[in-house]
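Please open the structure in your viewer and keep the selection tool at hand. Each stop below says what to select and what is there.

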Amino acid sequence: MLGTLQDSLLDGPARSRALAGPHGIPLRTRFSTSAETGPYPDQPTARCQRPLRPSICQSPAGEGSGCGASPLLPTPTTRSASAESGRAKRSLLERYDHEFAFRVTVAEAAKAGGELVRPLHVSECGWCVWQEYCTQIAGPDDASFAIRTGLPTAQQWRYLYDLGKSTVADLAASGDELPTGWSARDTQPGAMAEEKYRLLVRRARMAQAGVAFEPRGEWPQVPSADVEVDFDIEWDFENLIYLWGLRVRQGQDDTTAVFDPIVSYDPLDTEGAAHLAEEFAARLGRVITDAEAAGKSVTVFHWSYPERSMTSKYPSVDELLEGRSFDLHAWFAGHFLTRDGTSLKAVAPIFGFHWAVDDAGGAESQIKIDLARAGGDEGRAAVQWLAAYNESDVSAQAAIRDGLRRASPAARA
Ligand code: SF4
């Protein structure tokens with residue numbers, strides 16, 4: 001969850017401070033820990049529940065230190081997958097001590113020139129600054145770093161590696177039968193864990209064959225309309241939508257596409273955001289009215305749910321989207337299995353599409369809107385970046401539909 005980062009120093013744990021990012025913009029983080037350090041390949045996800053031992057921590061409630069170790073609070077327990085059995089209940093403090101003692105052991109071995117552990121690819125690696133390094137260390141044959149999504153936990157990887165399934169080829173050659181003990185090592189044991197294993201093996205086969213996506217079953221009919229609208233919103237840290245990206249094309253002829261967004265790069269309040277929503281509804285309404293008056297069908301494509309969930313509070317927008325919007329992500333993920341995930345940034349490049357800006361992503365766009373509002377040279381550059389980024393986001397959706405049509409068995413026959 002995003003939030004402003006509060007931290008404190010070890011020599012003054014009771015004094016909290018708000019950290020600022022580049023250009024004075026408040027820093028946001030996905031992590032609550034104040035004790036993230038270097039690569040700990042087998043224990044990459046430990047959340048710091050006790051940065052300081054109680055005997056050192058002078059803050060009665062742990063204020064500012066991130067310390068959740070107040071003796072007055074009940075001690076929650078967690079499931080530890082590092083137990084021999086794969087599952088054991090441990091208190092947060094026991095877990096903290098275990099994990100950090102392990103990290104110290106790893107660091108001491110490394111300092112002495114040894115290597116106690118090798119990196120394993122887990123979901124948290126996606127946010128880790130060491131990812132490039134760990135990928136290199138693991139090597140091109142490593143099973144875990146060859147797979148980008150649907151990743152097991154570190155303990156599950158360790159378990160598979162101990163069974164001799166450590167390379168892409170090893171994993172790809174595995175049958176669908178679950179190794180004994182796999183399910184118990186999953187946070188969701190049972191049917192979910194079993195499906196996760198089968199998809200893991202299937203993705204290993206895709207990685208080995210160099211296949212980026214494949215249909216889950218029969219190749220589906222790719223959605224289309226006489227008038228195709230691609231739609232994508234951008235919002236700021238206050239969840240106010242400042243950019244309503246709209247790209248309209250006639251049928252599947254991409255040369256007819258017109259990008260015509262509603263946008264404000266000025267500071268925005270609730271009233272201003274509602275005004276932008278009304279402008280968007282008026283513009284989309286004209287597209288729909290003109291098309292339907294000419295007897296043409298209209299579909300408004302979007303990738304994933306925010307374009308509906310975040311805009312439904314505006315009745316005029318909701319009314320236009322109801323029955324005409326189409327969640328292309330849900331449709332794609334339901335019909336196709338990918339090797340590298342189903343984010344727009346992972347899927348569109350499969351079909352040769354590339355963003356017009358570097359560092360394309362929602363988190364970067366939220367930083368850019370603050371810069372755009374601040375003005376100056378950096379602000380003007382941020383405005384250009386945001387416009388190009390959103391145009392790429394809407395164009396990517398059309399590129400995916402077109403790419404799927406080209407890749408369909410019917411087109412290749
Ligand atoms: S990239 Fe992954 S394995 Fe490497 S240090 Fe980061 S979290 Fe650990």
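Select S304, which sits in the loop between β12 and α8 (306–309). Helices (H or I, at least four residues) and strands (E, at least two) are DSSP runs, numbered from the N terminus. This is a predicted model, in which local features need pLDDT of at least 70, side-chain atom pairs count only at pLDDT 80 or more, and totals for chains, interfaces and linings use all residues. Residues are numbered from 1 along each chain as its sequence is written.

The phi of S304 is near 80 degrees, a positive value in a residue other than glycine. Most residues other than glycine have a negative phi. Is S304 buried or partly exposed? S304 has 16 other C-beta atoms within 10 Å, so it is partly exposed. The rule is this: with C-beta atoms placed from the backbone, a residue is buried if 20 or more others lie within 10 Å of its own, exposed if 12 or fewer, and partly exposed in between.

Next, select D359, in the loop between α11 (344–347) and α12. D359 is also not a glycine and has a positive phi, near 55 degrees. With 12 other C-beta atoms within 10 Å, D359 is exposed.

Now go to strand β12 (residues 298–302), which runs parallel to β8 and is joined to it by four bridges. Two strands pair if DSSP finds at least two bridges between them.

Select K296, in the loop between α7 (270–293) and β12. K296 counts as partly exposed, with 14 C-beta neighbours inside 10 Å. Which residues does K296 contact, leaving aside neighbours within four places in sequence? They are D226, V227 and A291; two residues are in contact if their C-beta atoms, placed from the backbone, lie within 7 Å.

L240 is the next stop, in the loop between β8 (227–235) and β9. L240 is partly exposed, with 18 other C-beta atoms within 10 Å. Beyond its neighbours within four places in sequence, L240 is in contact with W235, L268, T270 and A273. The C-alpha atoms of L240 and A274 are separated by 8.9 Å, and these residues are 34 apart along the chain.

Select β9 (residues 241–250) together with β10, an antiparallel pair joined by three bridges. V248 stands opposite V258 in β10. The hairpin of β9 and β10 has two residues between the strands, and G251 there takes a positive phi near 55 degrees. Why does β10 (residues 253–259) lie largely in the open? Of its seven residues, the number buried is zero.

Finish with helix α12 (residues 362–374) and helix α13 (residues 376–407), whose axes come within 7 Å and cross at roughly 135 degrees. Axes are lines fitted to C-alpha atoms, for helices over the stretch in contact, and angles run from 0 to 180 degrees between N-to-C directions. Among the α12 residues that meet α13 are S365, K368 and I369; G376, E378 and W385 are among those on the α13 side.
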